[in-house]
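Keep the structure open while you read.

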Amino acid sequence: MPSRSPLRRLSVALRLAEAYKPPEAAAALTTSTSLSLFLTHAKTNFLKDAEGDQEKAADWIVVMGNEAGDLDTLASSIAYAWIESEVHKKPAVPLLQMHRNDLVLRAENLHVLKLAGLSGEELLTLDDISQDRPFPAHKFALVDHNRLADAFSRNNPEAQVVSILDHHQDEGGHLDANPRVVTACGSCASHVVPFCPAEMPAELATLLLSAILIDTDGLVPGGKATSVDREAALSVAPKSTIGYTIPPPSALSPIDHANPDALSEVQSIKDLTAILIEKKADVSHLGGLDLLRRDYKEYSHKLLWATGQPTIKVGLSTVPTGLKSWATDGRLEKAAVEWMKTRGLTILGVLTSFRDGKKSLVGKNKKGKHKREMAWIILETSDLAKTSNEGLTASSLARRLWKGLEANAGIDVSPHKKFDLEKSEGLPKSSHARVYKQGNASVTRKAVAPLVKEILEGNIMKPAEEPKKQDEPKPTPTTIATT
């Protein structure tokens, strides 16, 4: 194991000491303009300019996360808009790519908004923007995704992406964005933190910390967290609304033994993580349609192999509970067909993530084994009917998709014997469907989405892989550094 130099250990300790503030100083970190007031003013002034002064509207930077609207997207978009406005003095506003009534679909988001002193009414959503004309702004900053959706560039020839901070697979667009950070790590919020000033509102630090914790399962050693996530969390945790519970560096462990996992062992961090995970997992009050739209992303794929190279729309919904709990007796089919018709989808993939409930008395699986399933539905849409390629049908797409998924060792799928949707009376006769158990439960939508792209657009043999972590030396149990 490579040894850490004394200078590096001292540098880490100094960064932590600089970030740490005692309880009496924590309140002073919140600037005179609260986060709530900033968001309210930004939303009001942007909409005023968008309606009445297009020249002023052109100066605004609209900061957007992805359309799934998870906590990482929420926190990253709010934080980066605040940075552009308060640090760089540029007019900026965060936009949630969702409708306001969708906010209730994510209990963890509502909980963290409350911790940050926000109600959600301060946030700009799609309901506030007219859908009958081109988008009123031209400058966009993308967080938690790295390609501008067509809805924002359509009939908007001056549209440009000025910044990108993301941790998903790089789609290779908007190469002149500055900054342009597209690097794998646990949470996009971890890429936003380095752009924050030394002093920031405690509420904003809470948003960023919460996003990092929920995306890395509390920074647990050996989990999803990278050195980028740990350093970001160590930076914002002492500045957050729970900062007074974070011991100073000297109390965490000795200076000459840097432990990047020290923060994950702090009780208040464990408690916050547990609350967030519990709220995220509790979807018992949601019906099938709500589950499909709760954590949803949409993609357009150009079928280069088909005559005329038509484009189809594919949706991927991530659902944090197994099919058995909500998708039986035709409920999945009914919700899926309704959602697909609403969104104009040709293909819908439903990716479940859950624990089987069988607790183990030994080992790490005391909460049950982590499992994943995949349900795929293909409809004979009007887009296929219009194509001049007679061979392009729901049936031909199904053969291609099934072959690609089943041949991929990275996801390791096998037919789900308890769900045979092909025989379901709840689907149109021309449709095709298949349900799989996913052997590799570590593969998430981050890897499935690019795999589906490869299958539908060309190469179907590329293995599905999660974005790789940065290589880093494994820490000793008694260290306190971040890299």
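In this predicted model, helix H3 (residues 35–52) packs against helix H5 (residues 71–87) at an angle of about 80°, and their axes are 11 Å apart. That angle makes H3 roughly perpendicular to H5.

**The H3–H5 contact**
- H3 contributes Leu-35, Phe-38 and Leu-39 to the contact.
- From H5, the partners are Ile-78, Ala-81, Trp-82, Ser-85 and Glu-86.
- By class, the contact of H3 with H5 has 6 nonpolar, 1 polar and 1 charged residues.

**The parallel sheet**
- An open sheet of 6 strands runs in the order S3-S2-S1-S4-S5-S6, and its pairing is parallel.
- Strand S3 (124–125) and strand S6 (180–182) stand at the edges with a single partner strand each, so one side of each has no neighbour in the sheet.
- Strand S5 (residues 160–166) pairs with S6 in the parallel sense over 3 bridges.
- Within that pair, Leu-165 stands opposite Val-181 in S6.

**Helices on the parallel sheet**
- H3 lies across strand S1 (61–64), strand S2 (92–96) and S3.
- The direction of H3 is at about 90° to S2.
- H5 also packs on the sheet, where it touches S1, S2, strand S4 (139–143) and S5.
- The direction of H5 makes about 170° with that of S2.

**The mixed sheet**
- Another open sheet is formed by 6 strands in the order S7-S8-S9-S10-S12-S11, with mixed pairing.
- Its edge strands are strand S7 (296–302) and strand S11 (413–415), and each pairs on one side only.
- From one strand to the next, the twist averages 25°.
- Strands of a sheet pair through backbone hydrogen bonds, either parallel or antiparallel.

- S7 and strand S8 (residues 311–319) run antiparallel and are joined by 7 bridges.
- Glu-298 stands opposite Gly-315 in S8.
- S10 and S12 are also antiparallel, paired over 7 bridges.
- In S12, Gln-438 is the residue opposite Arg-372.
- S11 and S12 run antiparallel, with 3 bridges between them.
- Pro-415 stands opposite Tyr-436 in S12.

**Helices on the mixed sheet**
- Helix H14 (residues 331–343) lies across S7, S8, strand S9 (347–355) and strand S10 (370–378).
- H14 runs at about 135° to S9.
- Helix H16 (residues 394–406) packs on the sheet and touches S8, S9, S10, S11 and strand S12 (432–438).
- The direction of H16 makes about 10° with that of S12.

**The H16–H17 contact**
- H16 also meets helix H17 (residues 445–457): their axes come within 9 Å and cross at roughly 130°.
- At that angle, H16 and H17 are therefore oblique to each other.
- The crossing of H16 past H17 is right-handed.
- On the H16 side, the contact residues are Leu-397, Arg-400, Leu-401, Gly-404 and Leu-405.
- On the H17 side, they are Leu-451, Ile-455 and Leu-456.
- By class, the contact of H16 with H17 has 6 nonpolar, 1 polar and 1 charged residues.

Key
Residues numbered from 1 in each chain as written. Predicted model: local features only at pLDDT ≥ 70, side-chain atom pairs only at ≥ 80, totals over all residues. Heavy atoms only, no water. Axes fitted to C-alpha atoms, helices over the stretch in contact; angles between N-to-C directions. Helix = DSSP H or I, 4+ residues; strand = E, 2+ residues; numbered from the N terminus. Parallel < 35°, antiparallel > 145°, perpendicular 65-115°, else oblique. Contact = heavy atoms within 4.5 Å. Nonpolar A, V, L, I, M, F, W, Y, C, P; charged D, E, K, R; others polar. Pairing = 2+ DSSP bridges. Left-handed = near helix turned anticlockwise from the far one by under 90°.
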